[in-house]
Amino acid sequence: PAAIGWEGPGLYEPVHGSAPDIAGQDKANPLAQVLSAAMMMRYQFGEEGIASALEKAVNDVLDDGYRTGDIMQEGKTLVGCVKMGELLLAKL
């Protein structure tokens, strides 16, 4: 998820990349990207508070039972990328 060199900026991205095969279908899971942003805020910019807030938002949405299709479980609520983003924003 992140590459931090000895000098220069780090690279922060989810391991799945941009998921071009599902682009425009509202199927992508934005959680890994948000967690990558949390890592960037913590390790690149020293913004522990922002990193923690992003991580808490992700955990809270998952604790509330929301899932995108790739991590869907029985008894949980299926949402698309857009709705997951809205839920995350509401938690922030």
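Modeller: Contact here means heavy atoms within 4.5 Å. Helices (H or I, at least four residues) and strands (E, at least two) are DSSP runs, numbered from the N terminus. The model is predicted: local features need pLDDT of at least 70, side-chain atom pairs count only at pLDDT 80 or more, and totals for chains, interfaces and linings use all residues. Residues are numbered from 1 along each chain as its sequence is written, and side-chain values use heavy atoms, with hydrogens and water left out.

Biologist: What do the buried residues of α1 pack against?

Modeller: They pack against β2, α2 (48-63) and α3 (81-91). The buried residues in α1 are L31, S36, A38, M41 and R42.

Biologist: Why is R42 called buried?

Modeller: Buried means under 20% relative accessible area, exposed over 50%, partly exposed in between (1.4 Å probe, protein chains only). R42 has 19%, so R42 is buried.

Biologist: Why is A19 called buried?

Modeller: A19 has a relative accessible area of 16%, so A19 is buried. A19 sits in the loop between β2 (11-12) and α1 (31-44).

Biologist: How do you know that R42 forms a salt bridge with E48?

Modeller: A salt bridge needs a side-chain nitrogen of Lys or Arg within 4 Å of a carboxyl oxygen of Asp or Glu. For R42 and E48, the closest N and O atoms are 2.8 Å apart. E48 has 41% relative accessible area, so E48 is partly exposed.

Biologist: What makes D64 and K91 a salt bridge?

Modeller: Their side chains meet at 2.6 Å, N to O. This pair links distant parts of the chain: D64 lies in the loop between α2 and β3 (66-67), K91 in helix α3, 27 residues apart. D64 has 43% relative accessibility, so D64 counts as partly exposed. K91, with 39%, is partly exposed too.

Biologist: Where do K56 and D60 lie?

Modeller: Both lie in helix α2, four residues apart, about one turn of the helix.

Biologist: What makes a nonpolar core, and which residues form the largest?

Modeller: A nonpolar core is a set of buried Ala, Val, Leu, Ile, Met, Phe, Trp, Tyr and Cys residues joined through side-chain atoms within 4.5 Å. The largest has eight: L31, A57, V58, V61, V79, M84, L87 and L88. α2 and α3 are the elements that give two or more residues to this core.
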